[in-house]
Amino acid sequence: MIEFDGDDRVDLRSDTVTRPTAAMHERMRRAKLGDDGLEGDPTARELEEVAASILGKDAALLVPTCTMANLLAVLAQVQRSEQVLLEASAHMVTTERGAATLTGAFLLGLPGRDGAMDLDRLSEALRPSSSPLRTAMVAMETTHNAAGGTVPPLAHMQAVADLARARGARVHLDGARLPNAAIALGEKPAALARYTDTVALCLSKGLSAPVGAVLAGDRAVIEAARRLRKMIGGTQRQVGLMASAGLEALTTMGDRLGEDHARARDLSDGLNALGGPISAAIPRTNIVQVDVSATGRDAERWVADLDAAGLRVRPLGTTHLRLVTHRHIEPADVPRALDAFRLCLDGGAA
């Protein structure tokens, strides 16, 4: 277990708590720097070239967060008063919808299952007679956060893209955890991105970089996004310090994500083996959702009780908890987490 500021609790709140590796620190020490707002930063340019190649796109842009990458994708491809279709519980709808106030676009969530849009509902929503608004974009998400890290099949992604393009709509992928999805499908990231015009990828989740994300796509779209990034304050001067860590993350950290998935399955199996009133979903990747609705305690109370027992988790609504594995979670931490749940079930931390 890696200690976080002297805290020895098992931290399953998110894979965003990951810290840079020693190799990232060394790359940061040696990074070649420039001014990304003037002549450009050479390390940032290198990261953008590598990211574009890995994602199978013409060009890429380094941005501070994946939220900004998704925002720029909409700003660069959707006009004001146009519509973006997404699965109803997509992160861009539930958490990033404030971006719509900047874009002037309308986000319409469609029902789905396991994070995958219902294709019949998508086809209906794309009909010109279904709305006075022109649908300019259809956005997908993988892994799907709110659905528990699920991974829509490639055939589904292709079907979504075919429907969208038949109606002249662009296709965007919120791939904040795209490397996790690629590992789950046994594919390269480019295989998932090939059905999309643009794709966003976060560097600071399971890949363990301290900060940053990339947006990749057609060269013209990325150049438009670069201009828009400056307009919304996203230019970052000697950003090569962060880009160097992102390079290390992107080129070396993806292959180990299967370890996180295995830990998540161990957690899920262990929680379900405890019996009693809690149940855990079977994870596809590194996110485990735990249903505590039958325990008589809401999610916030469970968070507090588990914290006192040495385990940090996050609530997911009032009836569920979310546990996320990452590279700082070692095999010995799984039984520690299960012991915390067992203690709380027995009332020892109440």
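User: Which residue stands opposite C202 in β10?

Analyst: A213 does. This is a predicted model, in which local features need pLDDT of at least 70, side-chain atom pairs count only at pLDDT 80 or more, and totals for chains, interfaces and linings use all residues. Residues are numbered from 1 along each chain as its sequence is written, and side-chain values use heavy atoms, with hydrogens and water left out.

User: How many bridges pair β9 with β10?

Analyst: Two strands pair if DSSP finds at least two bridges between them. Strands (E, at least two residues) and helices (H or I, at least four residues) are DSSP runs, numbered from the N terminus. Strand β9 covers residues 198-202, and five bridges tie it to β10 in the antiparallel sense. Strand β2, residues 59-63, also pairs antiparallel with β10, over five bridges. There, L61 has L215 of β10 as its bridge partner.

User: Which residues cover the two faces of β10?

Analyst: Start with the general idea. In a regular strand the side chains alternate between the two faces of the sheet. In β10, A213, L215 and G217 lie on one side, V214 and A216 lie on the other, and all are buried. Buried means under 20% relative accessible area, exposed over 50%, and partly exposed in between (1.4 Å probe, protein chains only). Strand β10 spans residues 213-217, and five of its five residues are buried.

User: What is the strand order in the open sheet that includes β14?

Analyst: Four strands run in the order β11-β12-β15-β14, with antiparallel pairing. The edges are β11 (279-280) and β14 (314-316), and each of them pairs on one side only. Helix α13, residues 299-308, packs on this sheet and touches β14 and β15. Its direction makes about 45° with that of β15. Such angles run from 0 to 180 degrees between N-to-C directions, with axes fitted to C-alpha atoms, for helices over the stretch in contact. Strands β14 and β15 (residues 320-324) run antiparallel and share three bridges.

User: Why does D305 count as buried?

Analyst: D305 is buried because its relative accessible area is 5%. Its salt-bridge partner is R297, at 2.8 Å, N to O. R297 is buried too, with a relative accessible area of 18%. Another salt bridge joins D260 and R256, with the closest N and O atoms 2.6 Å apart. D260 and R256 are both buried. R165, R170, D197 and D218 form a network of salt bridges.

User: Which elements cover the buried residues of α8?

Analyst: The cover includes α2 (42-55), β8, α9 (189-193), β9 and α12 (257-273). The residues they cover are L178, P179, N180, A181 and A182. After α8 comes G186, with a positive phi near 70°.

User: Where is T142, in terms of β7 and α7?

Analyst: T142 lies in the loop between β7 (135-141) and α7 (154-166). T142 counts as buried because its relative accessibility is 1%. Contact means heavy atoms within 4.5 Å. Beyond its neighbours within four places in sequence, T142 contacts residues including T150, L173, R177, A181 and L192. T142 and A90 are 52 residues apart in sequence, with C-alpha atoms 9.5 Å apart.

Terms used:
A salt bridge is a side-chain nitrogen of Lys or Arg within 4 Å of a carboxyl oxygen of Asp or Glu.
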